[in-house]
Amino acid sequence: MATTLSIAVFGATTVATTGAATAVAGVEDEGADCAVPALPDAGSLPTVSRLPDPFTRLNGSRITAKADWRCRRQEIKKLAEKFVYGEKPAKPAGVTGTVSRTGITVNVSHNGRSASFSAGVDLPSGTGPFPAVVVLGGLGADTATIKAAGAAVISYDPLAVGREGTPRTSKQGAFYSIYGASSSTGILAAWAWGVSRIIDVIEQSGGSVLRADATGVTGCSRYGKGAFVVGAFDQRIALTMPIESGSGGVAAFRAIPGESGAQPLSSAYSEQPWLGDAFGSFTGSPGRLPVDTHEVVGMIAPRGLFIMDNPHIDWLAARSASVAALGGAEIYKALGAGGNITYWSDVQDGTHCATRPEWRTPLQQNIQKFLLNTGSSTGTMRIASSKSGNLAEWRDWTTPTLTDGGTDTTAPTAPGTPTASATTSTSTTLTWTASTDDTGVTGYDILRAPGTTGGTFTQAGTSATTTYTDTGLTPNTAYRYQARARDAAGNTSPASPTAQITTQPGPSTGTCTAIGTVQTQWPTGYVIQPLTITNTGTSPITSWTVTFTLPAGHTLTGSWNGTVTTSGQTVTIKNVAHNGTIAAGAANSTAGFQVSRPNGNTSLPSGYTCT
């Protein structure tokens, strides 16, 4: 357990905690495979004046081990989505984009809808790849200090993803282009979804410019609310830094009505559609909420959290925020990571969203510790005495001593080598032999690295079964995969042997295009069916010729509905009498072929052209 020490320093309350930095999760939602009981209905919720016990499950039992927090966090996440923020959807079916030294582009497609947005990149000196801090709306922690500490700055416009000034029935922005203008999800969760898609693209980029495993987020005022939600809902965020987030941000919902001058919850709800539509039922009765912001603080644990607040403007609810921070810090302590949270409202300058000298050193220390892995500073609670909350008044629960996982210290065996099937230009399905464990395997982490060599394995997703489909891949690109098992005590297995795949090429160019789809494959061969030829012109064509290249060692063993010639590894397929004519804009999918290959070689044909 971490230890605490409370002392008074210059009129402020300081609580120092100990604890080591903890690595981020390699996936957006580590508890996605947890079974969450049915959530209560809004009409059946009792009024509870004090902060809910973060350590008590929905079934009424209390967690006893640190490993239990993964699924307890998932319960809190679902409650926060249902009653506070609205649902933040998982990664869409298609996410692509680019990362350069000056910018990031994001393209999203899902269920027949698509949207795009971009962000700027400002690199520090050095060669990289660099950790990065996403700054929401141009308002956040001092960017000069961020860059001087060695991290890049990603300038993210949240309003391109969730626009302010819109009615709840007609929300706008990239998120709502995908999920509908009448979505009940508030724009804070939409902003968080946008940052997650930026991280997806960074992961896919191969890490030549930015590191996918070292991302921070910051914002001030309404963007401080957004930064808080970003960090809570994506476990790939290593460092979360909300500033002066006020009502709807860090401030405890139950404490706001009693804090003189603080923005009322009804005002925060109606000012902009920041919070989910369902929260409107609780603005006058926050005690009915089955969740509060101290638990949202806990959703970030044990990752880095640096909360900055302003005690000089009553509207910003700094006292209520200190209550939530102190309550959330109990979760950090229970997880043995008390040193990973800092709350700082002891500042002299009362200007809203000012760059303050008091925050410069802890900002540098947090970046070094959580993004660069070069520091070991200990978090602190520097709470201004004028806005100091008393946690004892707000809880009737105690902080448990969580074990490190009970008596089960045996890790599962390594899974079998993944095999790939149904590989397209943007996705592949992986299957592996199950691991074994003395208490039972609860799930698998799927790790992915770019290219045939080099690159860092990062977590692409999780699965409760021995199958996983990875989407949003780049056409004609090599990837390597490993699987890793987890048991109920939080033990993880060694990684499986590595499997390599190459995605199919995207559409070719010209008056017609050709795309080959893998119908089935086995260790020594595969079938491409269909070979789809599309007429991209404005008038009918009466013949077509498709050319492509077989990988070295691969041999064509059969074909249908086409006349085939080969020259080395180059294959040419021409139409036969009945499938040569294709109307403008139409496609023909009758041709196909079969190929043999060396055992285990997963390469596929490339360079499809059509004339």
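## Strands β8 and β9

Cys 220 stands opposite Ile 243, a residue of β9. This pairing comes from a predicted model. Strand β8 spans residues 210-220. β8 and β9 run parallel, and six bridges join them.

How does the chain get from β8 to β9? The path leads through α5, and this β-α-β crossover is right-handed.

## From β9 to β10

β9 also pairs with β10. The sense is again parallel, over three bridges. Thr 240 has Leu 305 in β10 as its bridge partner.

Is β9 mostly covered or mostly open? Mostly covered: seven of its seven residues are buried.

## Helix α7

Helix α7 covers residues 293-300. Eight of its eight residues are buried, so the helix is largely enclosed by the rest of the structure. Buried here means under 20% relative accessible area. The buried residues are Thr 293, His 294, Glu 295, Val 296, Val 297, Gly 298, Met 299 and Ile 300.

## Helix α1

Gly 86 follows α1. The phi of Gly 86 is positive, near 85 degrees.

Technical notes
Residues are numbered from 1 along each chain as its sequence is written. This is a predicted model: local features need pLDDT of at least 70, side-chain atom pairs count only at pLDDT 80 or more; totals for chains, interfaces and linings use all residues. Side-chain values use heavy atoms; hydrogens and water are left out. Buried means under 20% relative accessible area, exposed over 50%, partly exposed in between (1.4 Å probe, protein chains only). Helices (H or I, at least four residues) and strands (E, at least two) are DSSP runs, numbered from the N terminus. Two strands pair if DSSP finds at least two bridges between them. A crossover is right-handed if, with the strands pointing away from the viewer, the path from the first strand over the helix to the second runs clockwise.
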